Amino acid sequence: MPICAPSRTWTPEPYGRERVAAPAACPPPGCRCAERTTLGQNGAQVTRIVGPITPPSRSRGAWTIPRSEVAVFDDELFGHGPGGADADHRVVVDDATVVAAMVRAEVALLRALQTCGVVPDADGGPAVALAEAAARLTIDVADLGLRARGAGNAVVPLVKILLAAVPADARPWVHYGATSQDIVDTALMLLARDVSAVVAADLRAATEAAAALAEDHRGTVMAGRTLGQVAVPTTFGLKAAGWAAGLAAAAADVERVKSRLAVQLAGAAGTLAVYGAKASDVVAAFAAELGLAVPAGPWHTERSRVRELAATLAGAVAAPGKVATDVVLMAMSEVGELREGGGPGHGGSSAMPHKQNPVTSVLLRAAAVRAPGLLGTVHAAGLQEHERAAGGWHAEWQPLEELLRLAAGSARRVRELLEGLDVDAARMAANLDAARPWVMAEALATRLAPRLGRAEAQDLVKHALEDAARDGAPTDDALLAQLRRHPAAADLPAAALDPRAALQGVDPLIDAALAAVRG
């Protein structure tokens, strides 16, 4: 049985993994491959082929699982994912979308050249011919990746495909005046623009979900924890307001960087010599065609725009990662203050029927662990030589694509997490009570400091706790009795040990945080 094993990446073959192109006639008779699916995005349709899973045979003792455009360990676990209320607006970040964006860039460039009078426009001109040809094209990403090996990027074989698809009189103008980096950089900016819009929207929705939790639980007392230990009383509302602040900041950063996403059009070495005096007009028209910004100048090797994008995407992964970290800790069996939603089957274990694992939070944390390394690669790749980098530019492609995927997935998952989060206020109160009276130590020392001085007040509370614990776990009454033995604390009221007495300033903090994220 033939096996369809398409390439999974649009980049050429510098990273040491052998890739096999799908057979020309796929699926052949009898092949159990899934049907080809196509992606049309204002241009060419790009195939994705999913191969069969072949059972063991006498000569081969293992199951053969072919590579696929749908990668279960990336796209479905960490990407934006299918389903949900916004299923029609799923963000796909993969090789096919990048190739489709490159075709969009080629078509837009030719339209811009016609608009500026650089190429003829009679009878619609070559731009119409290219657009019509692109709409009819089916581009095999696997084959394109294999053909890219000889040039070091996929634009060279892509242009050959486009040239073969247009009439002869349009061929001189396809890719006219551009270089491969112009098309790849512009395609990545297009993809980043499309992804950023969805990431920002999901982060804003997650912010509002966190803000709603803050409002609903502004009076839900719980133990605040520092360095892994119980510290002082706080409220779940304040914690959720902190989540909202971090998510809102990440959303604002994504929205801001979106305005910096610009076309790349600088020609062979940054001079745009082919366009002569019309060079600036062509760049502006190219940007207008695609809805991207007009750069101040060529940025072939000036990569601040790319570094800023990568850092922003990493931040859009980190903010959900912070929320997930808290949820994982608060969902621990011995803590039990939070539970993820998700319905039947969510968080199940293959071995332990009783488990309800916080799997959404686990995936969010995993993404947040991966993002800094990807960001580091993009920063290291910024050391680019002269007018075209020898490797640095190539090193950016996959980390950027992966950061886009992780940001899209994290923004969506944190939104789903917060919208379905189950808060156990009773368990929070019980855990706080179990931490009394230690949890009130700071408040007591602060109350006594004006009479004794800070250091002596802290020593008094510390020793009183030790003395109250001699016969077992100290109680509020036992601690109060020990403290009242000191003349400076003889009139200490029992209300001083009420956790709510230490939270009078929390409501204004929540109000300020929510005003900021909603303002």
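This is a predicted model: local features need pLDDT of at least 70, side-chain atom pairs count only at pLDDT 80 or more; totals for chains, interfaces and linings use all residues.

A: Residues are numbered from 1 along each chain as its sequence is written, and side-chain values use heavy atoms, with hydrogens and water left out.

The largest pocket holds about 440 Å³ of space. A pocket is here an open set of points on a 1 Å grid over the protein atoms alone, where a 1.4 Å probe fits and protein lies on both sides within 12 Å along at least five of seven lines. Grid points are joined across faces, edges and corners, and the volume is the space filled by probe spheres set on the points. The lining comprises 21 residues, a lining residue being one with an atom within 4 Å of a point. Nearest the centre of the pocket lie Ala223, Gly224, Arg225, Thr226 and Gln229. Two or more lining residues come from each of strand 4 (221–226), strand 5 (229–235), helix 9 (304–330) and helix 12 (425–434). Strand 5 makes the largest contribution, with 6 residues. Helices (H or I, at least four residues) and strands (E, at least two) are DSSP runs numbered from the N terminus. By class, the lining divides into 11 nonpolar, 6 polar and 4 charged residues. Ala, Val, Leu, Ile, Met, Phe, Trp, Tyr, Cys and Pro count as nonpolar, Asp, Glu, Lys and Arg as charged, and the others, Gly among them, as polar.

Two further residues belong to elements already named or to the loop that joins them. Leucine 227 is found in the loop between strand 4 and strand 5. Its phi is near 50°, a positive value in a residue other than glycine, and leucine 227 is exposed, with a relative accessible area of 89%. Buried means under 20% relative accessible area, exposed over 50% and partly exposed in between, with a 1.4 Å probe and protein chains only. Asparagine 431, in helix 12, is buried at 18%. Neighbours within four places in sequence aside, asparagine 431 is in contact (heavy atoms within 4.5 Å) with Arg225, Val335 and Glu337. Arg225 is also one of the residues nearest the centre of the pocket.

Proline 437 lies in the loop between helix 12 and helix 13. Helix 13 (residues 441–452) includes threonine 446, which counts as exposed at 52% relative accessibility. Threonine 446 and alanine 457 are 11 residues apart in sequence, with their C-alpha atoms 7.5 Å apart in space.

At least three residues of the core come from each of domain 1 (196–262 + 299–423) and domain 2 (433–518), the bounds being taken from an automatic or database domain assignment.

Leucine 418, in helix 11 (residues 392–419), is buried with a relative accessible area of 3%. Apart from neighbours within four places in sequence, leucine 418 is in contact with Ala206, Ala209, Ala210, Leu213, Trp243, Leu247 and Val323. Although 212 residues separate leucine 418 from alanine 206 in sequence, their C-alpha atoms are 6.4 Å apart. With the same exclusion of sequence neighbours within four places, leucine 203 is in contact with Leu247, Ala250, Ala251, Val254, Ala316, Pro320, Ala411 and Val414.

Histidine 175, in the loop between helix 5 (155–165) and helix 6, has a positive phi of about 65° although it is not a glycine. At 17% relative accessibility, histidine 175 counts as buried.

For the chain as a whole, there are 16 helices and 7 strands. Buried residues make up 49% of its 519 residues. Among contacts with a separation of 6 or more, 73% join residues 24 or more positions apart.
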